[in-house]
Amino acid sequence: MISRCIAVLLAFIGASIAPPVRGTEPIQVGFLWHMHQPVYFPGETITQTEAAGHYSFSVVDVHNQRFGPYTTWPRDAIQAGLALAHLGAQVSFSGSLIENLNTLEAAGTNGGMWNNWESAYQQAANWDTSLGNPRLDLIGFGYNHPLMPLLDERDIRMQIKLHKQVHQQTWGPSVPYSKGIFPPENAFSERIIPALVAEGIEWTLVDNIHFDRATQNYPYTAASNLIPPNKADQINPDPAASGGAWVQLNNLWAPSKVSAPFSYQPHNVQYVNPNTGLASTMVAVPTARYEGNEDGRGGYGAFLYDQVMDQYLPYNTDPAHPMFVVLHHDGDNYGGGSEAYYHSNFQNMVNWAAADPDYDVSTVQDYLDRFPVAANDVIHVESGSWAGADNGDPEFKKWLGDPNTSGWSPDRNSWAVLTAAKNRVFTADDIAPYSSLQNIMTGSGTSTEKAWYYLMQAEASDYWYWDGTEVWDSNVTRGSNLAVAQANQVLTPAVLANETTPPTVFVPQREAYNPGGIEWGSTPQPKDFEVWTYAYDVSGLSSVVLKYRVDNDGSNPLASTQNETYAGGPEVGAWTSLAMNSSDVPPPANIAVPTYRALRYGGLISGLENALVDYYVEAVDARGNITRSDIQHVWVGAGSLPPGDNFVEITPDPAVAGQSVLVTYAPAGGPLVGASQVYLHYGFNNWQPTAAQDLLMTWNATDSTWGVSLPVAATASQFDLVFNNGAALWHNNEGQDWHFTVSGTQVPAFTMDGVKDASAAQVAANGSRHLYAALSGSTLYVATEDAGEGNDVFIYLADVPGSLVSANWAKAGQIAQWDAYLADENSNEYESWFDAAGTAQAATGANGGVLEGVIDLLGEFGSMPEQLRLAVGAFANPDGGALVPSQQVPASVNGNSNLDAAEYLVLHIIAGPGDYNRDGHVDAADYNLWRATFGSPADLRADGNSNGVIDSADYAIWRQFDGTAAGFTLVVSGIGNAAAVPEPASFLLVLFAVTPFVAARRRPPPMKEDFGKMCF
């Protein structure tokens, strides 16, 4: 029975921090599973490429390993949820993947394993929700996985047309083409809207960080691994100013805050035609950036759905537009492509959704039919892709990498080649138009149709993705050369005399992206910036000109379109013209030689600061045909640091590691002047880590400043800070934050020198090979004998090993899917971490030394896992080298050539007292978890004394340690997936850890302390 004192305490809590009143509609949850394989070698089928041996791996086996996702598993998952009225999923299935699977089926691969591969998809696509929409929505896509924001309307539309063609042939007339699209790589820009709308697409998925970054007062952090947004994109009002909130998600990797409910609600987006001023509009459905990335690790269970989503549940206050959490990721890779994801884990998700009234599962179309977007709900979204590719930066750098010191960029070369090829194919099509989409899809028919076929293959974004490996860097050139060879059969001198096709101009880019502002580091970029592009015309170019103008008031409101049109209006200035200079960088000898390549054109805009600038490129060919690019916008900053010293002082300066520092903030002249409360948001070492909770500062009326003291981390070398009013308003030094030097930095817990650290304990051994481990804070240390002993050596790390996948580094056999691994190559003493999301380091010693590494587990997993699995695998050095069972640690349980999930060593991670949410800190978040689970005999995360119920004793433990860095302890448990958590009495004999730095006690707020003394 709850004591009277506890009842009083809970009543006080409820009265003092009551959340917003939620709406009657539950949060909706949706899914997007992405299925894709490319044409691996332009002009060849998958079986031809396999026979030719172009790759160091089997391209056929890549498909065979994904048999479940490409056949029955998505159907099985949806079948498990047929009792839920709106449950279903969106699946993006590329045309090139369909093409490959049809080829494998026709070849009778593996005894006919691919026969009728599409039948389960057809079945599920014919199951309807209660609203009559497909439960398995085979969503719109581009046939060859093109990166649409860097293409033109003409080829975007052709990619979709071909996808429609193969969709109808593969799934049959009973499966209508979707009203929505998942643009490949979830790469979206408003400039692609006209192409999508023209093809009948009504809604598109967009990663929701590009909603958030396009708002005013976005709480930017460099920990998101993105540069700050350009101010020209920050058009939308701050969503926290109208009842929403910026929420810091825990229990997953989520370095930046998310806006709730704004970036979890569909909104309209628009493109304004620069010639006419008319708008093309469609619905942007946000995909949950961090949650989707986490779901891709294994689904329900690997991703703590309710624990994460409950953090923004209080802001689901609009029953007409409830929050929609769309979990999007590859459906055929890693945990998100595993058997468990689609079966046991998805079934558990269905059970959860059926039992929890706060959540429901829905297809996108069912959501939009039930909760239509208001016509006047129009927002702007920043360009960019999803988290899996360079974190989705707005410049699409994963496909547009910067040149090296010699000026060479394989990505840029491919765009130069493609720009020329497109113009020749477009010109051929204008002269001798295609008549059959089927011919284009199959590479048959007329020269124009064959030219389109090869051009579409050349646009596969995969060819840009894997720079410097295999044959990828030459594939765009191969496809383009094949395309122009066909187009040239149409482009005779006689017909070219009167050609009317305008020049092809690549989407203009700029350098720097934030001129006069901050990108990486703390030094502003130059104010003068270059706009560059590639341009080409079959008849030659007579001029390429950069046009720019300055906005008169520095604002580009959504309600006005004057910045979006060439004609402009009184809100903008007149156009200035700059002739652009041409240049060229020929490819090196190891790259295929292009038949044609567009030249690079650049122009420098100079002499501006604190200005909003519109710009575009105009190209004119020798016959007078004109192309004008879309108008783009950029904010040019001051090019110097703002006077931040006028606002902030620290005492002592420099701060001292391991000691307290006083922060004084003077709000006069800044955005927080007049604020009734101010909070300090802080971190260390360039926001690695960032404090989990902001500190409430105290007002000093005598000198009109806010102040607060806090402990400096012992390992800090830099102190990072910004300020806010606890809601929507931030002062972040104009996007640069404040950074102060810290002295007395303590030596890290582990030394990377190829010698085993003394603090590391042996956790497993097999013959002469050993596995060592230790834990300091959230940093895991692992080591084993190095590769000087004759084999390549790998240490595999996973929280839950996945299904068997091909061994890394083209080795023989299979390995239960890892999250990250540490590698040491015998032949060249190379060592490094691979697939690591957390900060990581590695080192090896001389022969007889160790391979050792450290990795930040919070960065790797988003929160501290309760269990870890480790395994050592030694392989013969050459490609195809086999696993050496005698060197496997722990010892192999079956002696075969695979490293199975049951052969990983299991270790448990015990959180420090009071750290109920396992983030390494005892703070208000742990108290909130205790409060939310008080009295529960089932949810025992806050059971600090292990008595089987959440009670007042657990509060007392939290209160005792509140304000400390809790630390973690590593405990050896056993081998295999089912190892139990050891009892406290037993694990005391085997625990090992490096003592963490414990911060000075932080006094709780006075009112809470008073209640604590009264009750306990």
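Residues are numbered from 1 along each chain as its sequence is written. Because the model is predicted, local features need pLDDT of at least 70 and side-chain atom pairs count only at pLDDT 80 or more, while totals for chains, interfaces and linings use all residues; side-chain values use heavy atoms, with hydrogens and water left out.

Student: How many of the 7 residues of strand S10 are buried?
Tutor: Strands are DSSP runs of E with at least two residues, and helices are runs of H or I with at least four, numbered from the N terminus. Buried means under 20% relative accessible area, exposed over 50%, and partly exposed in between, with a 1.4 Å probe and protein chains only. S10 spans residues 324–330 and is largely enclosed by the rest of the structure, so its buried count is 6.

Student: Which residue in S10 is the bridge partner of His-34?
Tutor: Two strands pair if DSSP finds at least two bridges between them. Strand S1 (residues 27–35) runs parallel to S10, and 7 bridges join them. The partner of His-34 in S10 is Asp-330.

Student: How many residues of helix H18 are buried?
Tutor: H18 covers residues 447–458. Its buried residues include Trp-452, Tyr-453 and Tyr-454. They pack against several helices, among them H6 (95–106), H9 (153–171) and H16 (410–431), where contact means heavy atoms within 4.5 Å. Of the 12 residues in H18, the number buried is 10.

Student: How many residues apart in sequence are the parts tied together by Asp-429 and Arg-154?
Tutor: A salt bridge is a side-chain nitrogen of Lys or Arg within 4 Å of a carboxyl oxygen of Asp or Glu, and the side chains of Asp-429 and Arg-154 meet in one at 3.1 Å, N to O. Asp-429 lies in helix H16 and Arg-154 in helix H9, so the separation of the parts they tie together is 275 residues.

Student: Is Asp-207, the salt-bridge partner of Arg-289, buried or exposed?
Tutor: The closest N and O atoms of Arg-289 and Asp-207 are 3.7 Å apart. Arg-289 is in helix H12 (residues 289–295) and Asp-207 in strand S5 (residues 203–207), 82 residues apart. Arg-289 has a relative accessible area of 1%. For Asp-207 the relative accessible area is 0%, and the class is buried.

Student: What is the distance between the closest N and O atoms of Lys-397 and Asp-402?
Tutor: Lys-397 counts as buried at 19% relative accessibility, whereas Asp-402 is partly exposed at 48%. The two residues form a salt bridge, and the distance is 2.4 Å.

How values were computed: The expected span of a helix is 1.5 Å times one less than its number of residues.
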